[in-house]
Amino acid sequence: MAKRGRPASTLTITDQERAELLAHLAIRKAPADEKLRIRIVLGCADGEPGPRLAHRLKTTNQTVSKWRRRYQAYRFAGLSDAPRAGRPRTVLDEHVQAIVDKVRQSTPKGATHWSVRAMAKETGVSAPTVQRIWHAFGLKPHLQETFKLSTDPHFVDKVRDVVGLYMAPPDRALVLCVDEKSQIQALNRTQPGLPLTFGKPATRTHDYTRHGTTSLFAALDVATGKVIGQLRRRHRSAEFLQFLNTIDASVPAGQDIHLIMDNYGTHKTEKVRAWFAAHPRYHVHFTPTSASWLNLVERFFGQISEKWIKRNTHTSVADLERSIRQYIEHHNITAKPFVWHKTADAILASVTRAAAKFR
C-alpha cells in the first residue's frame, strides 16, 4: 500500500487578499515566476489538490508546497524571493510593504502622484531601491490609463449584434462601418525642417500655422478593407445625408447593406430616419453608447492619422483634402481587411472584469 503523506493545511485568504493577488496577476509585464506563485496560492485557496495543481501549472509538488507555506506564513510579501547569500539586506520586508502601500494608497504633498525621488525622501531609502521595488511589483505611478464604461442599457445586445456582423457576415450583403473624422486641421510648419540623415532624425519646428479644417466621412467595407470617402467642411446632418447618397451610388444596386454606426446626433435626425425608411435595403446597427471602439472604421482613421496626416504639411484646406483623397486612392489599391478576432463573449467578460474594479 502506497504511503500517504501528511495532508496539506488549508490555505484561507480574505476577499481583499484575493483582489490584491488578481490585480498583480493582471499586470502584463510582471515576472513569470511571480505569476506562477500567485496562481499556486489562488489554486490552493480554491481547494485544488497539490498534485493536480502542480500538473495543471506544469510544476512540481514541492514547488506548490513551498509557496503555499510561504504565503501562509508571510502573506503577499512571502511571494518574493528569499534572501540569498551575500551582504545582509538593509531594506526589510516591512519597508518594502510600507513603500508599496504608500504609493498605492496616498499622494505626496504638492503633487498628484509619487516620483522616485519623492518616495525616497519620504521613506528614507535610496532612489534606486524605490525604483527596484516599484519594478518588482509592476507599479508605475507616473502612468495613468483612460477608460470609459458604457452605460447603454442594451450594451450586451449591441455588442453581440456588431461583433456577429464582423465574425459571421450575412451572405450576399455588404457590411459597411460608417463614421466621420471631424476637425482635421490643415497645418503648415513655420520653417522648413531638416531631412533624415545618418545618426540624426528628421526635424520640424514646434510651432505651426493653421489654415482651417475639414471633415472626412468614411465607409469601410469590412470584407475588403476598401473605403468610400467624402470630404466636407462641415459635419451636420445635411452632409451626412449627402454621404449616404454617395454610398448608395457606390454600392451595387439591389444588394442589402448593413451599416454599423455610432450614436452621434447627426445619425439619428428625422431626415436621416426618413432616408433609411425610403431605402429599405439598408439595415442600421448602432454601437453601444461610449463604445466607438467597436466600429472598425476607427482603425482606418487611426491609420490615416498616423501614416499620413500627422507628419504631413498642408498650405490650405484644399491642399489637405487633395492629400487625403490621394491617400484613400492608394489605400484602396492595396486594401486588406481589418480582421476582428475577439468574440462577443470575450469582450463582455473583459468589460465585466473592468467594471468589477470600480464597484
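The model is predicted, so local features need pLDDT of at least 70 and side-chain atom pairs count only at pLDDT 80 or more, while totals for chains, interfaces and linings use all residues. Residues are numbered from 1 along each chain as its sequence is written, and side-chain values use heavy atoms, with hydrogens and water left out. Helices (H or I, at least four residues) and strands (E, at least two) are DSSP runs, numbered from the N terminus.

**Where α2 meets α4**

- Take helix α2 (residues 32–45) and helix α4 (residues 61–74): their axes come within 9 Å and cross at roughly 80°. Axes here are lines fitted to C-alpha atoms, for helices over the stretch in contact, and angles run from 0 to 180 degrees between N-to-C directions.
- On the α2 side, the contact (heavy atoms within 4.5 Å) is made by Arg37, Ile40, Val41 and Cys44, and α4 brings Thr63, Val64, Trp67, Arg68 and Tyr71.
- Sorted by class, this contact has 6 nonpolar, 1 polar and 2 charged residues. Nonpolar covers Ala, Val, Leu, Ile, Met, Phe, Trp, Tyr, Cys and Pro; charged covers Asp, Glu, Lys and Arg; the others, Gly among them, are polar.

**Helix α9**

- Helix α9 (residues 237–250) has 14 residues and reaches 20 Å from first C-alpha to last, close to the 20 Å expected at 1.5 Å a residue. The expected span is 1.5 Å times one less than the number of residues.
- Its buried residues (under 20% relative accessible area, 1.4 Å probe, protein chains only; exposed is over 50%, partly exposed in between) are Ser237, Glu239, Phe240, Leu241, Phe243, Leu244 and Ile247.
- What do the buried residues of α9 pack against? Their partners include β1 (173–189), β2 (208–221) and α10 (270–278).

**Cysteines**

- The structure holds 0 disulfides, meaning pairs of cysteine sulfur atoms within 2.5 Å.
- Cys44 counts as buried because its relative accessibility is 9%, and Cys177 is buried too, at 0%.

**Two arginines with positive phi**

- Most residues other than glycine have a negative phi.
- Arg75 has a phi near 60°, a positive value. Arg75 lies in the loop between α4 and α5 (93–105) and is partly exposed, with a relative accessible area of 25%.
- Arg172 has a positive phi near 55°. Arg172 sits in the loop between α8 (155–167) and β1, and counts as exposed at 74% relative accessibility.
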